[in-house]
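Subject: Structure for your review

Dear colleague,

Please find below the structure that I am handing over to you.

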Amino acid sequence: MTTADFAVISDRAIMFAGIIYALALLAHLLEWAGSLSRPAQAARVVVTTAVTTGAPAGGATALEPPPPAGEDQRALRVETAGRVGVALTAVAAALHLTGVVTRAFASDPVRVPWGNMYEFTIAGALGVSVIYLALLRRLRLRWMGLFVTAFEVVVLMAANLLLEQAAGPLVPALHSYWLAVHVGAAVLATGAFSVGALASTAYLLRGPLERRGGAVAEMLPSRDALDRLAYRVHAVGFPLWTFAALIAGPIWAEYAWGSYWNWDPKEVWAFITWVVYAAYLHARATAGWRGRTAAIIALVAFATLLFNFVGINFFFGATSQHSYAGG
Amino acid sequence: MTDTALDTSAGLESPRDGSPDVSREAPPPLGPRELVRWAWRQLTSMRTALLLLLLLALAAIPGSVVPQRDVDSLAVSRWRADHPTLTPVYERLGLFSVYDSAWFSAVYLLLMVSLVGCIVPRTAVYWRALRAAPPRAPKNLRRLPAYSTFWTDAEPDAVRAQARALLRGRHYRVARDDPDGQPDAVSAERGHLREAGNLLFHISVIVVLVGFAYGQLLGYKGGAIVMVGRGFSNTLSQYDDFNPGSLFDPDGLAPVSFDVKDFDVRFLRSGPQAGQPVDFAADLAYREDPASPERDYRLKVNEPLQLDGVSVFLVGHGYAPVMTVTDGDGNVTKGPVVFLPQDASFASFGVLKVPDGSPEQLGFEGMFYPTYASTGQDPYSAFPDALRPVVSLFGYYGDLGMDDGAPQSVYELDTSGLTRFERAPGNPVRFDLEPGETIALPDGKGSIRFDGYRRWVKLQVSDTPGKGLALSGMVLGLLGLMASLFVRRRRAWVRVTRQDDHTLVEVAGLDRSTAAEGLDDEVRRLAEALGAPALTDTTSSSRRATP
């Protein structure tokens, strides 16, 4: 097969991955819609009985009528929709992986498939799917399916429409195995931080949703579980980012540019991201900052990461020595 | 600053329910008042440190938006020219040099003080904790987050001995046998590396900063454009730009010298990325000092020449058209002129000055197109390689303004004292020359000839002492960070009591790390290893075991 064949396979695989992620998203939407209609009904029953009998809340449960006949079937439908969503996500992730791997073979000589912004986006998004699928059972991440698939659909679409770039060899500045190490670690860290940001967002939304009494809150794990999950994922992303931005990056910069730290806009923002995530880890262990404030800091850190990727590449990249990252 | 950074101790240290059982555990080394004061001080300094961290992130932003003198001095002067009113304000705020401005330094120095103020007492605390025995078992183990119990017929002493061996095998530190204090229980603790990692990480931050500052103060970085075929020796006069650290001694420049013997560049000729460079490399012949033998080195972008005390990097390349100018009196000036590439197509801008020209000085400015192409009036370069090189210049005569002694950039033509060669007012003559072509200047003012082109390379020569220190600090810091994030601090207790003819074994555990999971499993496995029947979950086990 020629490089052009691989390029076509890669593009097709990414396209189909996007379509299947969209189907998975649909399945998860059905899952949510199905389960949202049920607890809301149950809640209403409890409230009315409690009011009419004047019994304490504990007693109200006992007065609740047995679930209607269709309830089991509905629960089954919800469960099936969720499972179908996960299965489709796995298929999409496999195609996604194929797309990333074949992209490596789409240039001569073969190279790592993260040599420009399009490829970085695709690889980082793959990281999110893989982390989600790998931790699905251990950390009970089923609730995240809706958000992960929505994220994948949006990101793959944006990559395809805005960043698409034909496969080809690298500019000489990237001829180094540090590309594999430095950018590879950054891809992984970005994937972990994206999952962390999802968990932190869910954490922040959980409270208000719960107060409004919506059934949406019950679809999410408890606030404690979300906080723990966010911390664990961030705790994996942070050392990866430390390595990518503050060890591998400077070593490569020393080889390529003659100075390991140049206050290049990309470096500055990588440093800012690092500092804000460090603040998150500290905030989580500080009374008064724990919880809400810490989660907000994590999201601010994620925003700096995104700004570094989008803002610096597109708007402030003129002076950046990382300019090839955009092109 | 890191009282409980990366590590919240849950349970014992901060009893939420205030139960006497729990607070009796881990007797504080200080009285309650000092303890409160100590906790308060730690808490406030941590909060301050957090604010300082966020402030540091905020303070770093302007330097990525406003051009920085140390990064790109050309961009700074361009910016100043474009914003005459803002420039004095920015100047006062140090915005052109954020990272050594007073306010940026203030933030990170305060952070460093806070860091040291945290590391020192915490190291002492850690040192004591390291030597202290694992705390005694709480009276009521059942209150701990993970608990398991079962009956056995084994002798209590045997079970305790077995528990000790088991816990040691699982990398716990086990308290010595203590017949007076707690005759019936075994205490164990693990995960001291977590705090060690935490301390190591924070110490490393300081090491990295020291290494970085050392390099900034004592190092230097200079750039030089060297024509292919010519040489360079490491003295100040040979640099086009030179950025020394504030404590750098110019006599300390390594006495290296080299010739750029050859330069290769290849561009992609076809495909979607046509015009992108495939590879470029310069062949050097260098001497570490005048006495040492000459050696060869092939310099590439990611493959610098690294010698003792100096490194040479290939950072760019470009064209130098070789021009011959004959003035009105017949004097000939000849030589390659460096043109600076303006874009990826290597359309390059340059200036040619003939200060010795008579009767009048001559000057030219314009473009070099390696692959000349033109749509209508505007020429451009269609490809970065020199496939059809053309020089396209405007000419001037008069006073170049070089005689008053003020330094002038070789890339700029001061046209204030010059007159442009024009066919008619407002219609300048453009001299488009192919290699070997000569064009006569109007009015018998001489001629200009494009002989051909040479290439030049932009080299960066620098020395950054202390980089080994910074790197080792960073690597140690990462190891410490990982230990502080992933090592689990855990305490475990096994209490064995004889009741009637049977032995009651209780196993309990406590996690002292944030977000650690699997404590229940750990306690269940310990219980099973001590002879408990296989259980499915610890809470039900406690009910089942109640006699």
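Read along its sequence, chain A of this predicted model follows the pattern α-α-α-α-α-α-α-α-α-α. Its secondary structure comes to 10 helices and zero strands. Of the 327 residues in chain A, 49% are buried. Among the contacts in chain A with a separation of 6 or more, 78% are between residues 24 or more positions apart.

For contacts in chain B between residues at least 6 apart in sequence, 64% join residues at least 24 apart.

I turn next to the contact between the two chains. Chain A gives 47 residues to this contact and chain B gives 54 residues. On the side of chain A that touches chain B, α8 and α9 (265-283) of chain A each supply at least two residues. The element that gives the most to that side is α8(A), with 13 residues. The residues on this side of chain A divide into 32 nonpolar, 10 polar and five charged.

In soluble globular proteins, nonpolar side chains tend to be buried together. Here the largest nonpolar core has 165 residues, and those with the most contacts inside it are V275(A), Y280(A) and L53(B). Helix α8 (residues 223-257) of chain A provides the largest share of this core, 19 residues. A second, separate core has 29 residues, among them A146(B), V496(B), V507(B) and L510(B).

What does L53(B) touch, if residues up to four places away in sequence are not counted? Its contacts are V275(A), A278(A), A279(A) and H282(A) in chain A, together with L111(B) in chain B.

The domain assignment of chain B gives domain 1 (135-191 + 488-547), domain 2 (219-317 + 460-477) and domain 3 (319-453). The C-alpha centres of domain 1 of chain B and domain 3 of chain B lie 89 Å apart.

One sheet of chain B is open and is formed by five strands in the order β1-β26-β25-β3-β2, with antiparallel pairing. At its edges are β1 (146-152) and β2 (173-174) of chain B, each of which pairs on one side only. Seven bridges join β1(B) to strand β26 (residues 502-511) of chain B in the antiparallel sense. Within this sheet, W151(B) has L504(B) in β26(B) as its bridge partner. Helix α7 (residues 156-169) of chain B lies across β1, β2, β3 (185-190), β25 (490-499) and β26 of chain B, and runs at about 170° to β25(B).

Elsewhere in chain B, strand β24 (residues 446-463) pairs with several other strands, as set out below.

- Strand β4 (residues 220-227) of chain B pairs with β24(B) in the antiparallel sense over eight bridges; Y220(B) stands opposite D463(B).
- Strand β11 (residues 310-327) of chain B pairs with β24(B) in the antiparallel sense over 16 bridges; the partner of A320(B) in β24(B) is R454(B).
- Strand β23 (residues 437-440) of chain B pairs with β24(B) in the antiparallel sense over four bridges; the partner of A440(B) in β24(B) is S447(B).

The hairpin of β23(B) and β24(B) has five residues between the strands, and D443(B) takes a positive phi near 60° there.

Yours sincerely

Note on methods: Residues numbered from 1 in each chain as written. Chains lettered and ligands numbered in written order. Predicted model: local features only at pLDDT ≥ 70, side-chain atom pairs only at ≥ 80, totals over all residues. Core = buried A, V, L, I, M, F, W, Y, C linked by C-beta atoms within 7 Å. Buried ≥ 20, exposed ≤ 12 C-beta atoms within 10 Å, placed from the backbone. Contact = placed C-beta atoms within 7 Å. Domains from an automatic or database assignment. Pairing = 2+ DSSP bridges. Axes fitted to C-alpha atoms, helices over the stretch in contact; angles between N-to-C directions. Nonpolar A, V, L, I, M, F, W, Y, C, P; charged D, E, K, R; others polar.
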